[in-house]
Amino acid sequence: MTVIKTTPFEGQKPGTSGLRKTVKTFTQPNYLENFVQAIFDCVPELRGSLLVLGGDGRFYNDKAIHIILRMAAANGVARVLVGQNGILSTPAVSALIRKYDAAGGIILSASHNPGGPNGDFGIKFNSANGGPAPESVTNAIYARTQIIDNYEILSAQDVDLSALAKTKMSEMDIEIIDSVRDYQEMMEMLFDFSAISNLFKSGMTFCFDAMHAVTGPYAKSIFGKLGVPDTSLINAVPLADFGGGHPDPNPVYAKALFEKMFSEDGPDFGAASDGDGDRNIVLGRKLYVSPSDSLAIIAANAHLVPGYNAGVKGIARSMPTSRAADLVAEKLGVPYFETPTGWKFFGNLLDDGQITLCGEESAGASSDHIREKDGLWAILMWLNIVAARRQSVVDIVNAHWKEYGRNYYSRHDYEEIENTKAESVMQGLRDQLDDLPGKVFGAETISEATSFTYKDPVDGSTSENQGLMVKFESGSRFVFRLSGTGTVGATLRLYLEKYEPGDGKLDGDLQETLAPIAKIAAEITKLNALTGRVGPTTIS
Ligand code: VG1
Ligand code: CO
């Protein structure tokens, strides 16, 4: 074992979902090592325990795994489960931590960010409950990176990651495991696989886009078992650079899928997942199901799915996510919660048994089966609901809107703007919050304007500055927040929502319907002048 002297790097503060930086930043000598040592220093339970390790297969995944294994051995970890070829999706890591009582897991992923030598890399630490480390832990890790002066590493040969085998590195046991098996077993317990395969037997057409990211092998195995032909799975081979795209399932980056689904003879059911397999989108014929609606529809129909036939205890959603899920919770008579953006904020509610389902507008949904969002789970949930209701995706969405009303919803992203410009938009709005209530803009009157602070109902911890929210008397609202996952400049997110009751106009054009709210948001914040942009970079 060697103790290597090092000096701190600036900026190793985990964001919404782990530490994300360019590959160039991560591959500087000692950069990854410092952060990993900080994890071992702040989570002493890892010594003598089990660690789960894997990633989304992006460039530098394998090299990082070899480094982390040598550091784990030097830091006294007893045993490591590593996904074959270094591949494990984020939900699979969460499932493995829980199933095998690991003290934690390390996931190498920058999720939807582009990969390759000129792309991004990332590292996330998940705790013993299987969920993203809470802020108390990520703050401690960050504090440690600021004063770190050495790290421990073993000199050892690289382990063969390709063969399913058990081996040893000094005292530490290493097991290379099937990336898919345990996860798939869990899915087979939760869902009615025979009902879903009957859907395909009866001729339902399907297309799943793995975006050359981690879900390829999971999709081949799980959908294969359900009788889906390989030709219905596109971009299903994980590539280190995701084929040059962003593995972000939205209309811009999942273009091939959207084109298929909006064509004249497109499939009945479409879906995609992101870089690390924790997010999902679902589409029907010529219909993209808004992720906020998806959460609500899953909640309203969960009782039809074997794993959830006992019903839903409660529902949580991130603050910018639309209120559609709240309406379902109200009807079910169960509690609902509004948390800050980022999956770590759902952990306590799930552990405490207060909620069964949770989700985010950014295409993340999951349940208490693990402590991460879960892309394939959400798609299987939809397939099971389609099978149980014997209705198409389109019919299910329309019926839902009729019953609950429609929360028209869209997110406008202003990407890669200068940090100072993004901050000036936020500060400008923050300064006006107290004066906005009562002001009239066209048909809308502002009822409330606040900076979102979350008080965790389980441990009482508070998280401030989680986004600026402006609500109107009509029930519409907009939210501004700065992204915590980007690596270049700042990304300003504008979230728009307008509610239309079930007997109102449910088939309006989404962007047209939201345009008046977007206009007010831009006017109040002087958005275009301050950012120097005429409009958003990405609309989802
Ligand atoms: C984004 C999403 C957020 C999600 C996060 C991580 O964060 O908005 O809802 O939890 O990505 O998802 P931000 O801070 O950029 O808005 V993933 O799939 O990248 O692990
Ligand atoms: Co992800």
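Which residues coordinate the cobalt ion (ligand 2)? In this predicted model, the cobalt ion (ligand 2) is held by S111 (OG), D274 (OD), D276 (OD) and D278 (OD), at 2.0 to 2.1 Å. Donors are N, O and S atoms within 2.8 Å of the metal (3.2 Å for Na, K and Ca); water is not among the atoms, so sites may look incomplete. Along the sequence, the donor residues follow the spacing S-x162-D-x1-D-x1-D.

Residues are numbered from 1 along each chain as its sequence is written, while chains are lettered from A and ligands numbered from 1 in the order in which they are written. Because the model is predicted, local features need pLDDT of at least 70 and side-chain atom pairs count only at pLDDT 80 or more, whereas totals for chains, interfaces and linings use all residues; side-chain values use heavy atoms, with hydrogens and water left out.

Buried means under 20%, exposed over 50%, and partly exposed in between (1.4 Å probe, protein chains only).

| Residue | Relative accessible area | Class |
|---|---|---|
| S111 | 2% | buried |
| D278 | 1% | buried |
| K286 | 40% | partly exposed |

K286 has a phi near 55°, a positive value in a residue other than glycine, and is placed in the loop between β13 and β14 (287–288). S170, with phi near 50°, also has a positive value in a residue other than glycine; S170 lies in the loop between β8 (166–169) and β9 (172–177). Most residues other than glycine have a negative phi.

Helix α11 (residues 324–332) has the buried residues A324, A325, D326, L327, V328 and A329. Their cover includes α10 (291–301), β15 (315–318), β16 (336–339), α14 (393–404), β19 (406–417) and β26 (490–500). Just after α11, G333 takes a positive phi of about 70°.

The chain as a whole has 17 helices and 27 strands; helices (H or I, at least four residues) and strands (E, at least two) are DSSP runs, numbered from the N terminus. Of its 540 residues, 58% count as buried. Among contacts (heavy atoms within 4.5 Å) between residues at least 6 apart in sequence, 72% join residues at least 24 apart. The C-alpha atoms fill a box of roughly 70 × 60 × 40 Å, taken along the principal axes.
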